[in-house]
Amino acid sequence: MGGDSGSDATFDLVVVANRLPVDRVVNEDGSCTWRRSPGGLVTAVEPVMQSYDGAWVGWDGGPDGPEEPFDENGMRLVPVSLSAPEIEEFYEGFSNGTLWPLYHDVVAKPSFHREWWESYVRVNRRFAEKAAALAAEDGLVWVHDYQLQLVPAMLRDLRPDLRIGFFLHIPFPPLELFVQLPWRRQILEGLLGADLVGFQRPGGAQNFVRLVRQRVGHKTHRDLVYLPDGRTVEAAAFPISIDFAGLAELSRTPAVAERAREIRDQLGNPRHVLLGVDRLDYTKGIYDRLRAFGELLADETLSVEDAVFLQVATPSRERVDEYRRLRDEIDRLVGRINGDYGRIGRPAISYLHSSYPREEMAAMFKAADIMVVTPLRDGMNLVAKEYVACREDESGALVLSEFAGAADELKQAFLINPYDINGMKAAIMEARSAKPRELARRMKAMRKTVQSHDVTAWAQQFMGRLAEVRPEHRKRLRPSEGDG
Ligand code: GDG
């Protein structure tokens, strides 16, 4: 078994992700502390790690961090240090300036720079080497997301005994867009180092298999790729989810209920509270959503007495130009709408460029009558599922983009095309005037879906499938409680 705390310990499960589950915070006196890092990936993977007694390889979020492993929350954390130029080229550059827009339907123009690519290769190799040194013989390594797509093949070269899974949290684009990438073949070959490649939606898996067939020339059959060396790679959809029970419980606490009432009071007790919660990212469709709301006020279909829009935009990737531009555009739009339609003490949009504790998020979800989730493209969108988890009384409406992975499961939402402003306006109005019984029917069905397919089910399905890939490894992969 793995997981003892010696420095040369090996682990039956190693998770490799761009970020560690904690960020390093440098205090004023120069000392360091660790703070849980936000986001869906951490929430999803942390419980699996705790049950398998594994190690987690990732970056600490800052330049030139220490590389000493440490233990946290029952996990061994192994930092990978990035220099300031690597943060610029590998992270802000190739990951967020090339791959992120390319994989999200090119909603912003991807930049292609050879130095960024070279840095991506170097940093991927460092992650692969760390994982290779930590994994036990015949162990399992689970690699995450678009920043690390070369790791599976690099790791397989170093450690052919390992079973390797890869999960992509963002969409995988259609052939017609992917082929723009000058390094398209290297990325596909990188991913083919894995035994199992997981995607959010079946379409992502299909795009991948088609590309491998047409561009790399391997034989494929349905979701299987046959490599010349006899190995097979499976591509399949594993839609990620949330800790439904945990969030539902939090939303039931008296403190959260009280805070939800307070939020409505502070917003001036309008008849309807509309809510948006997103990282401030151009894929999330924040601009178009607010524009639709502004037009409803301009048309006098809504008034500020009827409806207030609460928009949380969590700061994100603030050093990347495209994100700075977006922030300015949204600032201007919010200013214009509030200037045109707000009244004293009653702005039309309450716009918060900030991040909040989980309890506050739960209170906002509880306070909102209409949750408006309108990404132009999104792998899953956990916020949509979180809203549903917080609506125990089955009230509330979800307006959801059909271009979010969540739309596959949350079919009872008011589904919209975020490029269709009139359609979006109509859906908001339909949600606003729907009868409570109709809303309850929809919410009940969506709650059932998310509850029965929560994050634990997601992780178990992925791990279970990986165990089937090479059955001889299965016995090594019992959760640590069973290890005696
Ligand atoms: C990527 C994919 C996929 C946001 N602001 C605060 C806060 N959050 C939390 C939300 C949610 C998470 O962050 C965001 O997850 P999303 O799924 O909505 O979006 P991405 O960050 O783009 O995530 C996405 C996901 O990976 C998982 O695979 O679904 O498609 O793009 O949990 O609640 N949490 C707190 N304060 C905030 O201010 N506490």
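Ala, Val, Leu, Ile, Met, Phe, Trp, Tyr, Cys and Pro count here as nonpolar, Asp, Glu, Lys and Arg as charged, and the others, Gly among them, as polar. The model is predicted: local features need pLDDT of at least 70, side-chain atom pairs count only at pLDDT 80 or more, and totals for chains, interfaces and linings use all residues. Residues are numbered from 1 along each chain as its sequence is written, and side-chain values use heavy atoms, with hydrogens and water left out.

**Ligand site**
- The ligand is surrounded by 21 residues, where a residue is near if one of its heavy atoms lies within 4 Å.
- His169, Thr314, Tyr356, Asp378 and Glu386 are the closest.
- By class, this shell has eight nonpolar, eight polar and five charged residues.
- H13 gives the largest share of the shell, three residues; helices are DSSP runs (H or I, at least four residues), numbered from the N terminus.
- Domain 1 (11-240 + 459-474) and domain 2 (244-453) both give residues to the shell, so the shell lies between them; the bounds come from an automatic or database domain assignment.

- A polar contact is a pair of N or O atoms within 3.5 Å.
- A polar side-chain atom of aspartate 378 is 2.5 Å from an oxygen atom of the ligand.
- For lysine 284, a polar side-chain atom lies 2.9 Å from a ligand oxygen atom.

**Second largest pocket**
- The residues of its lining divide into five nonpolar, four polar and seven charged; lining residues have an atom within 4 Å of a point on a 1 Å grid over the protein atoms alone, and a pocket is an open set of points where a 1.4 Å probe fits, with protein on both sides within 12 Å along at least five of seven lines.
- H2 supplies the largest share of this lining, six residues.

Definitions and conventions:
Polar contact = N/O pair within 3.5 Å; in protein donor to acceptor, adjacent residues only side chain to side chain. Helix = DSSP H or I, 4+ residues; strand = E, 2+ residues; numbered from the N terminus.
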